[in-house]
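Here are some friendly notes to read alongside the model. They take the aromatic rings to begin with, then the helix packing.

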Amino acid sequence: MLNKGLRDEEKIRIDNVLKTLRTLIYVPYPLSQLQKSDIENQLKEFGLTITTLIDYSNEELITLLTRLHFDWEQLEQFGDVLIEFSKEENYHFEEKALAIYQYIQEESKVFSFGINTKISSLKSKLQ
């Protein structure tokens, strides 16, 4: 278990990487090679690449993110990043985002209307 100081530093680091990922992904499509490279560099902060993100099962991805001490809000933000990244035609991370949202809803012990809306929206999109 991390002590409070290390936990705070880790939270700040994760928040900063997520913020950078969100700004990189919220750009006009299609992504250039440079933009994909920038995204890869940010994913490496979490021990991921685009290829490993594709290859990981939903459970493996959630396990990795929880091992990295993602809190519920950070998990939701990562799911949001996956949804935006899925707008790129070559990537389909909606199921991974859905698994993350469902994990949050089940494990956090707090019902979130926002998460529930995202789950419903993704389920209807995936059918």
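**Notes on rings and helices**

1. A search of the whole structure finds eight aromatic pairs (rings of Phe, Tyr and Trp, the last by its six-membered ring, pair if their centres lie within 6.5 Å; planes under 30 degrees apart count as stacked, over 60 as edge-to-face and the rest as tilted). This is a predicted model, in which local features need pLDDT of at least 70 and side-chain atom pairs count only at pLDDT 80 or more, while totals for chains, interfaces and linings use all residues. Residues are numbered from 1 along each chain as its sequence is written, and side-chain values use heavy atoms, with hydrogens and water left out.

2. The rings of phenylalanine 46 and phenylalanine 70 have centres 5.0 Å apart and planes at 65°, so this pair is edge-to-face. Phenylalanine 46 sits in the loop between α2 (33–44) and α3 (50–55), and phenylalanine 70 in the loop between α4 and α5 (72–85), so the pair ties together parts that are 24 residues apart in sequence. Helices here are DSSP runs (H or I, at least four residues), numbered from the N terminus.

3. Phe46, Phe70 and Phe78 form one aromatic cluster.

4. Tyrosine 91 and phenylalanine 93 form a stacked pair, 5.8 Å centre to centre with 15° between the planes. Tyrosine 91 is buried, with a relative accessible area of 10%, and phenylalanine 93 is buried at 2%.

5. On to the helices: α4 (residues 58–67) and α6 (residues 94–107) pack at an angle of about 55°, with their axes 9 Å apart. Axes are lines fitted to C-alpha atoms over the stretch in contact, and angles run from 0 to 180 degrees between N-to-C directions. That makes α4 oblique to α6 (angles under 35 degrees count as roughly parallel, over 145 as roughly antiparallel, 65 to 115 as roughly perpendicular and the rest as oblique). In α4, Asn58, Leu61, Ile62, Leu65 and Thr66 meet Glu95, Lys96, Ala99, Ile100 and Tyr103 of α6 (contact means heavy atoms within 4.5 Å).

6. α5 and α6 pack at about 160°, with their axes 8 Å apart. That makes α5 roughly antiparallel to α6. Among the residues making this contact are Trp72 and Phe78 of α5 and Tyr101 and Ile104 of α6.

Conventions:
Helix = DSSP H or I, 4+ residues; strand = E, 2+ residues; numbered from the N terminus. Buried < 20%, exposed > 50% of the residue type's maximum accessible area, 1.4 Å probe, protein only.
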